[in-house]
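Opening my notebook on this one. I want to see how the pieces of the chain sit against each other.

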Amino acid sequence: MNTGHAPAEEAACTDASPEAGCTGAPPETARADDAPTESACTGTLPGAALGGPVSHAVSRVARLHRIAAGKLLKGLGLYPGQELLMMHLWDAGPVRQAELIRALELDPSTITKMLQRLEQTGHVRRRPDPDDRRAVLVEATDESCALHAAVRDAWGSLEEHTLAGLESAERTELTRLLAKVEANLCQETAGCPERQPG
């Protein structure tokens, strides 16, 4: 369908350099028969992302890391995010459902759905809070102990796969730099949960 906007789009593209990918021709690295997963891993920077190469790289890495984590978790019968909920319960003990919502920064309906699935598999149980009968306490079951070991092993495998080829000093430096990036984003978005003093 011709919207009448094509000339404006062409004009917007003529001032850009060929390196920006705005020449109207497809990049030489792209082929019509390329699989989406292959093109996602080429590292080719889209023209519109030239001003934010690090942000683009972080976005790609986060997506691929989540996919890799999802494959490992699927073997444990978990969906991505459920392992983080379980990690919180294993470390914190029984907590109110409202605390899980705050700690994981997810909406109540998502937490409820996650808990329903984890209850069905016997990993968590919910019970009334004896201090406030209107509140619900959530806790990991004894049966989840085997899952604890499996999640720990899965995250260890993910770590080694993710950081393969990096020396110990590089891993330490990457951790330090990512912490600085996280701090920047926390300040920008006010999107970090409160840290408990450790």
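I'm working with a predicted model, where local features need pLDDT of at least 70, side-chain atom pairs count only at pLDDT 80 or more, and totals for chains, interfaces and linings use all residues. Residues are numbered from 1 along each chain as its sequence is written, and side-chain values use heavy atoms, with hydrogens and water left out.

**Layout.** I looked up the elements and got eight helices and three strands; these are DSSP runs numbered from the N terminus, helices being H or I of at least four residues and strands E of at least two. From the N terminus, the order reads α-α-α-α-β-α-α-β-β-α-α. Of the 198 residues, 20% count as buried (under 20% relative accessible area with a 1.4 Å probe, protein chains only; exposed is over 50%, and partly exposed lies in between). I also checked contacts (heavy atoms within 4.5 Å): among those between residues at least 6 apart in sequence, 47% join residues at least 24 apart.

**Sheet.** Strand β2 (residues 124-129) is joined to β3 (residues 132-140) by six bridges, and the two make a hairpin with two residues between them. V124 has A140 in β3 as its bridge partner. On the β1 side, I found two bridges to β3, with V95 opposite V138.

**Helix packing.** Next I followed α4. The α4 and α6 axes come within 11 Å and cross at roughly 80 degrees. That makes α4 roughly perpendicular to α6, a label that covers 65 to 115 degrees. Q82, L85 and M86 from α4 meet I111, M114, L115, R117 and L118 from α6.

**Core.** Which residues touch the most other members of the largest nonpolar core? I noted L85, M86, L89, L100, L115 and V124, out of 17 residues. (A nonpolar core is a set of buried Ala, Val, Leu, Ile, Met, Phe, Trp, Tyr and Cys residues joined through side-chain atoms within 4.5 Å.) Elements giving two or more residues to this core are α4 (82-92), α5 (97-104), α6 (108-120) and α7 (145-162). Leaving aside neighbours within four places in sequence, M86 is in contact with L118, H123, V124, A140, S144 and L147.

**S144.** Buried or exposed? At 1% relative accessibility, S144 counts as buried. S144 is in the loop between β3 and α7. Not counting residues up to four places away in sequence, S144 touches M86, W90 and H123. From S144 to V124, 20 residues apart along the chain, I get 7.5 Å between C-alpha atoms.

**K71.** K71 is in helix α3 (residues 53-74) and is exposed at 65% relative accessible area. K71 and L158 are 87 residues apart in sequence, with their C-alpha atoms 10.0 Å apart.

Terms used
Pairing = 2+ DSSP bridges. Axes fitted to C-alpha atoms, helices over the stretch in contact; angles between N-to-C directions. Parallel < 35°, antiparallel > 145°, perpendicular 65-115°, else oblique.
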